[in-house]
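These are my notebook entries on one protein model.

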Amino acid sequence: MRHSTGTGAFGAHGGEGRLGRRRVWVGATCLTLLALAALFAALTLVDMRQEDHAGELARRVALLEAQIEAHTGLGVDPAAAETRVHGACTARTSLCHEHCAAATRGLAKFATQCQEERISKSERQTRDGVDVISNFCGTDYDHAVCTRSPRGDYAFPPREQECVVLDFGIRQQPQLSEALSLPPFNCTVHAFDPSPITLKWVESSGLLDNKRIHFHPVGAGGHDGVAKLAGYNWGQISIMHPFDARECALSADSSDKAVPYVRQCRNAGIKLPAQSLEVNVSTLPTILDELGLLHVDIIKVDVEGSEWGFISQALLHYAARGLPFPADQLALEVHHFTQSPLYGAARSPEVSELSSLLSSLGGMDLWLNYLPGGWATDPLQAELPPARYNLLSYLAKMPRGTVRAAPSPLSTVASQQSLI
């Protein structure tokens, strides 16, 4: 009995010892596993950071390569800026038909040139054997809108949700803003213009009676802040500051037959830089952020030369973050560009570079362009700095419609860096 009790006591103490040792072993094993897990997590985090760094570096290199290729592209393909991607847009409108129809129903206040909404085939112009439509609606309806594309079964206006449009540079001609705010489009339109003539006009114009149109007295810029612009005597403002605001005309009134033309100079209608004015401007990323938007349907830009900095800054900003240009369509008027005599009268290094960047960085294809016009062909203004203009329309390679999704995690990582 005593032995049995002793044995039982010894057995019990032995069992408790083995159980304790097991507990210690299990605890040590758990600590080891936790340590290994922590080490693995740390190594994984380092690897992820290395991948993020490698991805950021790859984006920077790709961004630099795209800029270099765009800058040197004119020598490689002089016609790149004028080459349209055929078939990208299968139906389009210049908005006059819809706008004039709204006017007949008493909905539109600013419809103009309704008698010119159709042009004959003889009025079409061609270049290099390619049909180039001059204008369907007259000068108040310069910018074309693509309404249908085979790309992702794209249609405008969106089939289910309301569209959003940004209209930069309305002056006193809000035809595009009003037309897109009315049926059949019914878009929310944000109109921007800091011009004194616009600020004076907009309050009494009745434009803001339209609840779908929101006016912002801000200009399009390549930076956020203040820009100094030159004033024209017809109420327009521009980034162009000529050194000598004069124009020289060639007159045939000379009595000397050996000198058939004499120069007669007069005020060109452009104020001297000393009479320039300062206006508030914002970049596209800042404007979209303030409006709470990540993507819009159409951006129209007609800002008398400021488009270069505005579009370039936006392209670099979004490309550095792995994002395309934040619109399905871009209707752009480019101003004051030079021309290269090496490749023909209409070839422009600036336009070529911008179109190349819109394609490579912005994911946008040129689907419509007009024949360049402007002062470069007018002898009355021959001594002014180059002042050509052209109208270009772009469509996203992969239109997103009304999808305004948040950036991907990889883009978010990049956006935390001060890249552009």
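**Entry 1. A term to settle.** Before looking at any pair, I wrote down that a crossing is left-handed if the near helix is turned anticlockwise from the far one by less than a right angle, and right-handed if clockwise. I also noted that the model is a predicted one.

**Entry 2. Helices α7 and α8.** I applied the term to this pair and found that α7 passes α8 in a left-handed crossing. The contact uses Trp308, Ile311, Ser312 and Leu315 from α7, and Glu350, Val351, Leu354, Leu357 and Leu358 from α8. Sorted by class, the contact of α7 with α8 has seven nonpolar, one polar and one charged residues.

I then turned to the geometry. Two packed helices are described by the angle between their axes and the distance between the axes. For α7 (residues 307-319) and α8 (residues 349-360), the angle is about 30 degrees and the axes are 10 Å apart. Angles under 35 degrees count as roughly parallel. The two helices α7 and α8 are therefore roughly parallel to each other.

**Entry 3. The length of α8.** What span should the twelve residues of α8 have at 1.5 Å a residue? The expected span is 1.5 Å times one less than the number of residues. For α8 this gives 16 Å, and the end C-alpha atoms are 16 Å apart, which agrees.

**Entry 4. Burial along α8.** I looked up which residues of α8 are buried, and found Val351, Ser352, Leu354, Ser355, Leu357 and Leu358. Among them, Val351, Leu354, Leu357 and Leu358 also take part in the contact with α7.

Ser359 has a relative accessible area of 28%, so I recorded Ser359 as partly exposed. Leaving aside neighbours within four places in sequence, Ser359 is in contact with Met364, Asp365 and Lys397. I also checked Leu395, which is 36 residues from Ser359 along the chain; their C-alpha atoms are separated by 9.7 Å.

**Entry 5. Helices α6 and α7.** Next I examined how α7 packs with α6 (residues 284-291). The angle between α6 and α7 is about 70 degrees, and their axes are 8 Å apart. That makes α6 roughly perpendicular to α7, since the range for that term is 65 to 115 degrees. The contact is made by Leu284, Pro285 and Leu288 of α6 together with Phe310, Gln313, Ala314, His317 and Tyr318 of α7. These residues divide into six nonpolar, two polar and no charged.

**Entry 6. Ser306.** I located Ser306 in the loop between β15 (296-301) and α7. With a relative accessible area of 11%, Ser306 is buried. Which residues does Ser306 touch, not counting those up to four places away in sequence? I found Ala220, Leu229 and Ile239. Ser306 and Val281 are 25 residues apart in sequence, and their C-alpha atoms are 9.9 Å apart in space.

**Entry 7. Cis peptide bonds.** One joins Phe156 and Pro157, with omega about 5 degrees; Pro157 is in the loop between β5 (154-155) and β6 (164-168). Another joins Pro183 and Pro184, with omega about 10 degrees. Pro184 lies in the loop between α4 (175-181) and β7 (188-192).

**Entry 8. Positive phi values.** The loop between α4 and β7 also holds Asn186. Asn186 has a positive phi of about 55 degrees although it is not a glycine. Asn186 is partly exposed, with a relative accessible area of 25%.

For Gln113, phi is near 55 degrees, again a positive value in a residue other than glycine. Gln113 is found in the loop between α3 (96-104) and β2 (125-127). Its relative accessible area is 18%, so Gln113 is buried.

**Entry 9. The whole protein.** Last, I recorded the totals. The protein has nine helices and 19 strands. Of its 420 residues, 45% count as buried. Among contacts between residues at least 6 apart in sequence, 77% join residues at least 24 apart.

Terms used: Residues are numbered from 1 along each chain as its sequence is written. This is a predicted model: local features need pLDDT of at least 70, side-chain atom pairs count only at pLDDT 80 or more; totals for chains, interfaces and linings use all residues. Side-chain values use heavy atoms; hydrogens and water are left out. Axes are lines fitted to C-alpha atoms, for helices over the stretch in contact, and angles run from 0 to 180 degrees between N-to-C directions. Helices (H or I, at least four residues) and strands (E, at least two) are DSSP runs, numbered from the N terminus. Angles under 35 degrees count as roughly parallel, over 145 as roughly antiparallel, 65 to 115 as roughly perpendicular and the rest as oblique. Contact means heavy atoms within 4.5 Å. Ala, Val, Leu, Ile, Met, Phe, Trp, Tyr, Cys and Pro count as nonpolar, Asp, Glu, Lys and Arg as charged, and the others, Gly among them, as polar. Buried means under 20% relative accessible area, exposed over 50%, partly exposed in between (1.4 Å probe, protein chains only).
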